[in-house]
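The entries below keep to the order in which I looked things up.

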Amino acid sequence: MKLTVISTDVSMSEHTVMLNVSDCLAMGVSPMDRVHITGISSATASVVISETHVVKGTVMMGSLTMSKCGADDGSLVDVTFAPMPESARSIRRKIDGETLDSEAISSIVNDIMTGDLSEKEILAFVSAFNVNNSDLAEVAHLTRAMAATGETVHLGVRPVFDFHSLGGVPGNKITPIVVSIVAAEGLTIPKLSSRAVSSACGTSDFVDTFCNVEMDTESLIDAIRRCKGVFACGNEDYAPVGNRIIQAERPMGIDPRPTMMASIMSKKVAIGTTHLLMDFPMGKDAKVPDLKAAESLANSMIGLGSLLGIHVECAITRADQAIGRAIGPILEARECIGILEAGKGDRDVVDKACGMAGIILEMAGAEDGRSKAMEVLESGKAHERFLDIVEAQGGRRDLKSADLVPGEFSKDVHAKRNGTVQYIDSSSIVAVAKAAGAPSDDGAGVYFHHKAGDEVSEGDTLFTIYAESQAKLDRAVESARSRRPMLVSESACGIGQGPMVIARIPTKEMLDLIRFRSRNRPHGWRTE
């Protein structure tokens with residue numbers, strides 16, 4: 001049926017159209033049905049039926065749907081009944097507890113990508129596809145299907161190393177340091193990072209202050225071949241369907257393990273990763289609260305990697321306070337680059353970066369990876385490789401940390417008593433940084449002059465808030481006053497002590513045993 005498009009400014013998160021009841025009767029469309037709309041292109045939309053708000057012979061739609069089907073206000077489009085896709089029936093089967101094969105899962109993923117499944121149906125799939133109702137084979141099918149929705153990178157080299165942090169701890173600025181150390185040793189490490197979703201700064205947010213992070217596939221491959229590594233943004237070119245699944249999950253605030261695992265691994269499959277190190281920050285405010293949860297997730301990731309042909313190892317790291325002293329794009333960039341320039345810096349940042357880089361080096365065969373990583377950092381080789389990568393990503397070869405200046409509006413927060421810093425509350429300090437404008441304002445954020453375990457005197461500056469406007473600074477100061485982002489008391493403090501890498505799964509001893517057995521296995525014997 002040919003209908004005239006009437007635009008509406010009503011905002012809709014998914015494709016929905018409003019039709020007159022007479023037109024619906026003629027097409028055999030009911031309120032629970034969907035329709036297929038064809039203009040210059042096509043879209044599938046849910047239906048809202050009205051007797052009075054929509055004139056017969058017209059279809060009312062928002063800008064999202066108009067853009068999808070290539071229609072303008074007043075143009076003619078063809079509207080027809082759209083039967084329920086087969087993928088929706090597969091979702092029902094999954095809800096009933098059935099195991100789905102790769103064909104069924106690929107059909108669901110493709111229909112999510114094309115918009116043929118509503119957000120309610122995507123959410124039903126995500127909910128059914130939970131850890132108690134799906135096995136690793138299904139998660140592997142989902143991972144491959146998600147990777148197939150975007151571009152795949154063929155670097156022509158093996159092995160290809162990568163690492164990924166689950167997040168949940170502010171100030172985790174180690175990516176450029178790790179990539180620079182590993183690439184300086186001649187290993188290929190195409191690191192794709194993300195921007196902040198709910199935090200005050202993601203890796204791509206602070207890297208974007210000194211070089212380009214949005215790279216097309218051709219530029220990405222060229223930079224990797226020249227420098228062995230990149231720290232680019234994992235944009236919509238790679239496994240883009242993951243963003244649509246996240247969009248459906250967000251209103252419910254859920255992040256089920258199977259889809260989280262598939263989302264992470266799909267980008268690794270797309271980039272050609274053969275060896276992956278996972279970082280599990282562990283702490284009360286992190287996504288991994290304790291060792292039991294970390295070990296469970298590590299075993300699942302290792303098993304999934306095995307099915308995908310990716311060697312996975314996991315590092316459990318401390319997340320009891322922010323990593324380093326800076327939170328916010330320019331502040332984090334300045335601290336990160338300063339460590340590369342000097343070969344030293346904040347203990348926690350250096351320890352975690354060299355610990356993670358060291359494990360990757362050991363995955364490649366090094367005996368004492370952490371010591372080697374420290375040597376590469378302290379010698380300046382990592383800084384040289386960092387500048388190579390910055391230049392390859394459109395930045396300045398003469399970049400210096402001093403070039404990066406935070407917002408001109410600032411406020412020092414002072415200690416009200418003598419004592420020891422007991423803790424820095426991550427959620428509160430992130431709220432303060434976001435109130436100041438981070439991550440959208442590059443110069444906004446928080447810088448710590450003291451961290452947990454430090455002794456301070458009354459009047460000492462604990463931290464400084466930076467903003468790009470007085471209004472945002474005032475808002476951040478008010479946020480700090482209404483919370484308790486840092487506690488000082490006379491008690492002893494056990495936070496802030498010990499190495500950043502708490503544990504490695506599998507352990508180095510277990511890996512040595514596996515390698516020994518592999519070297520000495522009888523002829524014809526193989527691992528399963």
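Entry 1, surface. The model is a predicted one, and I began with its accessible surface, which comes to about 23,200 Å² for the protein chain, with 50% of that belonging to carbon and sulfur atoms. I then looked up burial and found that buried residues make up 53% of the 528 residues.

I noted 19 helices and 19 strands in the protein chain. Its radius of gyration is 26 Å, close to the 24 Å that the globule rule gives for 528 residues, so the chain is as compact as a globular protein of that length. Along the principal axes I read a C-alpha span of about 75 × 70 × 45 Å. Of the contacts between residues at least 6 apart in sequence, 80% join residues at least 24 apart.

I checked the length of H12 (residues 291-308): at 1.5 Å a residue its 18 residues should span 26 Å, and the end C-alpha atoms are 25 Å apart, which agrees. At the N-terminal end I found Asp290 as the cap, with a side-chain oxygen 3.3 Å from the backbone nitrogen of Lys292, while after the helix comes Gly309, whose phi is positive, near 80°.

I listed its buried residues as Ala294, Leu297, Ala298, Ser300, Met301, Leu304, Gly305 and Leu308. They cover an arc of only 165° around the axis, which puts them on the same side of H12. This buried set packs against helices H6 and H11 and against strands E10, E11 and E19, whereas the face turned away from it carries the exposed residues Lys292, Asn299 and Ser306.

Terms used:
Residues numbered from 1 in each chain as written. Heavy atoms only, no water. Helix = DSSP H or I, 4+ residues; strand = E, 2+ residues; numbered from the N terminus. Expected span 1.5 Å × (residues − 1). Buried < 20%, exposed > 50% of the residue type's maximum accessible area, 1.4 Å probe, protein only. Arc of directions from axis to C-beta. Contact = heavy atoms within 4.5 Å. Polar contact = N/O pair within 3.5 Å; in protein donor to acceptor, adjacent residues only side chain to side chain. Rg over C-alpha atoms; globule rule 2.2 N^0.38 Å. Areas by Shrake-Rupley, 256 points an atom, 1.4 Å probe, with all protein chains shown as cover.
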